[in-house]
Amino acid sequence: MPSSLARLYVGPLQHLAPPAIAPVAPDGMPARELLDPARLDALLTRFGVQFGRGDRRAVASLWSKWHFAALIAHGLATNLLLERDLPLGLDELHLAQSPEGKTTGLVLRHAGRPLAELDPHSRFATLLDAHLSPLIEALAAVTGASPRVFWSNAGNYLEHFAGALADHPMAAPDVSEPAKALMASPTLSDGRRNPLHRPVRYVEGDDCAPRRVRRLCCIRYLIDELGVCGNCPLACRGRARAAETC
């Protein structure tokens, strides 16, 4: 493991295993296979066995949450702390997986290259255009779930890790600003709608402290045994309605 990446995995990243670097014959599943409808369908079927007859859209959403968490944690840390662009495009990346098909780690061709541009849109182009956009399109096509669900999952982790990296020993005071600027903009630099725009909001909780709430539900509640997650907007609305009737 190159020292330039190994030193990232302290503080808020200490629970993560650094990505493997394998320039030749990397182990793991080639990420490009996620764009093959038959391969993606088989992967989601394998992952969904643990949820019995759970809704296919919810199964895909849960799979994407594990995948995006691994992808964004490593990619964002390297981007913001080292100003390096990891090879996260689907054509370059390999995936470490659990027996049930959950993404557990990344296998990289190299340790990244210096960012060509530092503006909030261009510096994340590999993540958005070479991985998230085509994968989310494939997930929506295979499952029938709205692309907005998967973009919301990605945005949730982008917002989470951007905040967490502020506590990293290597972090400058404004380390999270590029990610925050990306999420604050309704459009991308080329005029496209920004699918990562404001994925999370903070509302006053029952104890008057700010409470983190997703803007869009991840639909995991469609699997009966799971229900809604802790920052679900549906739960927040339910509490608001209950308070109005008290």
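**The core and its helices**

Modeller: The largest nonpolar core holds 60 residues, and Leu34, Phe68, Ile72 and Leu76 touch the most other members. Keep in mind that this is a predicted model. At least two residues each come from α2, α3, β5, α4 (125–143), α5 (147–164) and α6 (177–184). Helix α3 gives the largest share, 15 residues.

Now take Leu34. Setting aside neighbours within four places in sequence, Leu34 contacts Met29, Leu40, Leu43, Trp63, His67, Leu90, Leu95, Leu135 and Ala138. Another core lies apart from the largest one. That other core has 5 residues, including Val149, Cys217, Ile219 and Cys232.

Next, the packing of two helices. Helix α2 spans residues 37–48 and helix α3 spans residues 56–82. Their axes are 10 Å apart, at an angle of about 95°. Angles of 65 to 115 degrees count as roughly perpendicular, so α2 is roughly perpendicular to α3. On the α2 side, the contact uses Asp41, Leu43, Leu44, Thr45, Phe47 and Gly48. On the α3 side, Arg56, Val59, Ala60, Leu62, Trp63 and Trp66 meet them. By type, the contact of α2 with α3 has 8 nonpolar, 2 polar and 2 charged residues.

Finally, a loop residue. Ser98 sits in the loop between β4 (94–97) and β5 (103–108). Its relative accessible area is 12%, so Ser98 is buried, the cut-off being under 20%. Beyond residues up to four places away in sequence, Ser98 touches Arg46 and Thr104.

Definitions and conventions: Residues numbered from 1 in each chain as written. Predicted model: local features only at pLDDT ≥ 70, side-chain atom pairs only at ≥ 80, totals over all residues. Heavy atoms only, no water. Helix = DSSP H or I, 4+ residues; strand = E, 2+ residues; numbered from the N terminus. Buried < 20%, exposed > 50% of the residue type's maximum accessible area, 1.4 Å probe, protein only. Contact = heavy atoms within 4.5 Å. Axes fitted to C-alpha atoms, helices over the stretch in contact; angles between N-to-C directions. Parallel < 35°, antiparallel > 145°, perpendicular 65-115°, else oblique. Nonpolar A, V, L, I, M, F, W, Y, C, P; charged D, E, K, R; others polar. Core = buried A, V, L, I, M, F, W, Y, C linked by side-chain atoms within 4.5 Å.
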